[in-house]
Amino acid sequence: MSKRDYYEILSVSKTATDSELKVAFRKLAMTYHPDRNPGNAEAEIKFKEINEAYQCLSDGQKRAAYDRFGHAAFQQGGGGPGFGNEFGDFMSDIFDNFFGDGRAAGGGRAAGGGARGGSTRERGADLRYNLEITLEEAFAGKAETIKMATAVTCETCSGTGAKAGSKPRPCQTCGGYGRVRAAQGFFAIERTCPTCHGRGEVIDDPCGACSGSGRVTRERTLSINVPAGVDDGLRIRLAGEGETGLRGGPAGDLYVFLSIKPHEFFQRDGADLFCRVPINMVTAALSGEITVPVIDGSQTQVRIPAGTQTAKQFRIKGKGMPVLRSRDVGDLYIQVFVETPQNLTKRQRELLQEFGQSASDDNHPESAGFFSKVRDFFDGFGGGAARQ
Ligand SMILES: [Zn+2]
Ligand SMILES: [Zn+2]
């Protein structure tokens, strides 16, 4: 019985990145794990197959050998390379990755699948870049330069994967189609060509610089324009800026995931900004003007009327965040809280005591009203215990 293609077993494309492999492996291993399928021999075989495929493809050297020679790479001496059954080890690996960080998952292109037959060109992987900016930068927009290591076309072979002076030749097994038909009983089934692994061509003399893959890893510098008004969690797609394709295939996309640092003064709700500002008791009682910060770096004045209470909000129109791809602008809400004076001098204490003696319910209608309601409440019980 001929062995199945490792990439097929894991349902990933040949250009799958390490993290894509891991995600695919995790998913399958969870499904077919013997603990979850007690007594199911088929699941056990599947599980071993998945394990073997992953052990090979997750190891850079073994994968390169497999890419070039297929299963034959491991068949000398019989028995293949010692794929142990290190259940414990790699199950913990699965769970670490499951619950560790969610970064790598998601993003990538939906598993290669269909597009393979007959084509020697495979699309490059999508990439993710996490970019953290300040609220000020989200307000004004930002030109950002990022650096990242990514697969680019190999300069030595111009992406063909073949050594200078040589050319890939069409695969004889499949006639360049990438898939072969085999009769099995009454059925003819089609599967990935075992000689060229679906590429349709064979490289006899691989390029030394890229080991025949047609691409190499380089640090790339990219400029990104972050538009004004972006919000936390926004994703910017840069088409064609992901990994270069295999052997001249189209490039993947780059996804920039934005997060915005918490701000010292401002909380954001959509396009509106909120800022809590302390005001002193005298300003609150007698009226006055306070100076408040604005996200554009300027300041503005807010008139505080006499008798202002804690939690009162003042709206400053048009001083919030810009709305992405629109001319609308949010508002700035200033919420004040009255700060009770502390560390009084003897003289200040006397003045406040004097004020206290002259104060009436008219000065504090809120508390007068509240305590009169409390008295009524207790009178309802016939006690009047709370009477002062
Ligand atoms: Zn090359
Ligand atoms: Zn072939």
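**Second largest pocket and zinc site**

In this predicted model, the lining of the second largest pocket divides into 12 nonpolar, 11 polar and 2 charged residues (Ala, Val, Leu, Ile, Met, Phe, Trp, Tyr, Cys and Pro count as nonpolar, Asp, Glu, Lys and Arg as charged, the others, Gly among them, as polar). The pocket holds about 800 Å³ of space. Here a pocket is an open set of points on a 1 Å grid over the protein atoms alone where a 1.4 Å probe fits, with protein on both sides within 12 Å along at least five of seven lines, and lining residues have an atom within 4 Å of a point. Of its 25 lining residues, M281, V282, A285, F355 and H364 are the closest to the centre. Two or more residues each come from α7 (281–286), β15 (332–339), α8 (346–358) and α9 (365–379), and α7 gives the most, with 5. Helices (H or I, at least four residues) and strands (E, at least two) are DSSP runs, numbered from the N terminus.

Turning to the metal, the zinc ion (ligand 2) is coordinated by the SG atoms of C171, C174, C193 and C196 at 2.2 to 2.3 Å (donors are N, O and S atoms within 2.8 Å of the metal, or 3.2 Å for Na, K and Ca). The spacing of these donor residues in sequence is C-x2-C-x18-C-x2-C. The arrangement is tetrahedral because the 4 donor atoms subtend angles of 103 to 117 degrees, where four donors qualify if all angles lie between 85 and 135 degrees. C171 counts as buried, at 1% relative accessibility, and C174 is buried too, at 11% (buried means under 20% relative accessible area, with a 1.4 Å probe and protein chains only).

Residues are numbered from 1 along each chain as its sequence is written, while chains are lettered from A and ligands numbered from 1 in the order in which they are written. Local features need pLDDT of at least 70, side-chain atom pairs count only at pLDDT 80 or more, and totals for chains, interfaces and linings use all residues, with side-chain values using heavy atoms and leaving out hydrogens and water.

Definitions and conventions. Points joined across faces, edges and corners; volume = space filled by probe spheres on them. Tetrahedral: all angles 85-135°; square planar, octahedral: opposite > 155°, others 65-115°. Buried < 20%, exposed > 50% of the residue type's maximum accessible area, 1.4 Å probe, protein only.
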